[in-house]
Amino acid sequence: MRKIVIAGNWKMNKTVAESVKLAADVVAAAKNIKNVVVAIAPTYLALAKVAEVINGSNVKLAAQDVHWENQGAFTGKISADMLKEIGVDFVIIGHSEQRSYFGETDETVNKKVKKVQSLGMTPIICIGETLAERQGGQLESVLTRQVTGAYEGLSGDDALRTVIAYEPVWAIGTGVTASDDEAQQAHAFVRNLLATRFGNSVAQSISIQYGGSMKPENAAGLLAQKDIDGGLIGGAALKADSFLGIVTPGETLDK
Ligand code: PGA
């Protein structure tokens, strides 16, 4: 059995005051959600305040990134300890914006995954191909490289404590969504990679989210796919009602 995990990635949006308001709206809207794991990822600056707002609710806290070192001279960075202290449950790692704008590599993704897991938090490992890679027939080689790199040195037990977000880069923030079939095929491929590496029972237990212009209008179709176990939501997570419009269809699904 896999959990459906739906996380709102707020990216560089919302002041602290706005984040507090949105978090309160999400808590209210999600109060009857029982089966879907709902998480929100505000900016670092808003994490502590949002943690207070969601305390005692069924909404989990996620961070958008982390550094792999414990502490020290890494200007602008935040350590896993700092996130843990605030009560962060999930950490988004290897988002395509991190990879393309800020030099994230498969190797740094792997270091971050290990650090986050060592403190009992769950990494949401983002993978996905660019349009040029897809058109150039490299979809499978890119996903293989990203998954192999992210899980380097992890045991099957470690793998069980991860979530993957498959996010085709060409669908992120563009309004263009992968079709249900395109997404399902990529998810099945990723699950197969996990099965080859960790065995089928581990692979069947790892939640694989879809990300890239997911919204209430397309959520039910995507979530109904066999290997799609949730979503990582950008734009549509910035309003509680559209975010819940994605969460709600997941309530009645069994994976
Ligand atoms: P989007 O972003 O929903 O705005 O496409 C998704 C993401 O980048 O995680």
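A crossing of two helices is left-handed if the near helix is turned anticlockwise from the far one by less than a right angle, and right-handed if clockwise. By that rule, H11 passes H12 in a right-handed crossing. This is a predicted model, in which local features need pLDDT of at least 70, side-chain atom pairs count only at pLDDT 80 or more, and totals for chains, interfaces and linings use all residues. Residues are numbered from 1 along each chain as its sequence is written, and side-chain values use heavy atoms, with hydrogens and water left out. Helices (H or I, at least four residues) and strands (E, at least two) are DSSP runs, numbered from the N terminus.

**Salt bridges**

- The structure holds 13 salt bridges. A salt bridge is a side-chain nitrogen of Lys or Arg within 4 Å of a carboxyl oxygen of Asp or Glu.
- One of them joins Arg2 and Asp229, with 3.0 Å between the closest N and O atoms. This pair links distant parts of the chain, 227 residues apart. Arg2 sits in the segment before strand E1 (4-9), and Asp229 in the loop between helix H11 (216-223) and strand E8 (230-233).
- Arg2 is buried, at a relative accessible area of 10%. Buried means under 20% relative accessible area, exposed over 50%, and partly exposed in between (1.4 Å probe, protein chains only). Asp229 is buried too, at 0%.
- Lys112 and Asp65 form another salt bridge, at 2.9 Å from N to O. Lys112 lies in helix H5 (residues 106-118) and Asp65 in the loop between strand E3 (59-63) and helix H3 (80-86), so the pair ties together parts that are 47 residues apart in sequence.
- Lys112 counts as buried at 3% relative accessibility. Asp65 counts as buried at 9%.
- Arg99 meets Asp106 in a salt bridge of 2.8 Å, N to O. Arg99 is buried at 17% relative accessibility, and Asp106 is buried at 16%.
- Some salt bridges share partners: they join Arg2, Arg191, Lys226, Asp227 and Asp229 into one network.

**Helix packing: H11 and H12**

- Two packed helices are described by the angle between their axes and the distance between the axes. Axes are lines fitted to C-alpha atoms, for helices over the stretch in contact, and angles run from 0 to 180 degrees between N-to-C directions.
- The axes of H11 and helix H12 (residues 240-247) come within 8 Å and cross at roughly 20°. That makes the two helices, H11 and H12, roughly parallel. Angles under 35 degrees count as roughly parallel, over 145 as roughly antiparallel, 65 to 115 as roughly perpendicular and the rest as oblique.
- Pro216, Ala219 and Leu223 of H11 meet Ser242, Gly245 and Ile246 of H12. Contact means heavy atoms within 4.5 Å.
- By class, the contact of H11 with H12 has four nonpolar, two polar and no charged residues. Here Ala, Val, Leu, Ile, Met, Phe, Trp, Tyr, Cys and Pro count as nonpolar, Asp, Glu, Lys and Arg as charged, and the others, Gly among them, as polar.

**Helix packing: H7 and H9**

- Helix H7 (residues 139-150) packs with helix H9 (residues 180-198) at an angle of about 45°, and their axes are 10 Å apart. H7 and H9 are therefore oblique to each other.
- H7 passes H9 in a right-handed crossing.
- H7 brings Glu140, Leu143, Thr144 and Val147 to the contact, and H9 brings Ala186, Phe189, Val190, Leu193 and Leu194. By class, these are seven nonpolar, one polar and one charged residues.

**The loop between E3 and H3**

- Ser79 lies in the loop between E3 and H3. Ser79 is buried, with 5% relative accessible area.
- Ser79 touches Val66, His67, Glu69 and Asn70, leaving aside residues up to four places away in sequence.
- Ser79 and Glu69 are 10 residues apart along the chain, and 6.6 Å separates their C-alpha atoms.

**The loop between E1 and H1**

- Lys11 is found in the loop between E1 and helix H1 (16-29). Phi of Lys11 is near 50°, a positive value in a residue other than glycine.
- Lys14 lies in the loop between E1 and H1. Phi of Lys14 is near 80°, a positive value in a non-glycine residue.
- Lys14 is partly exposed, with a relative accessible area of 31%.
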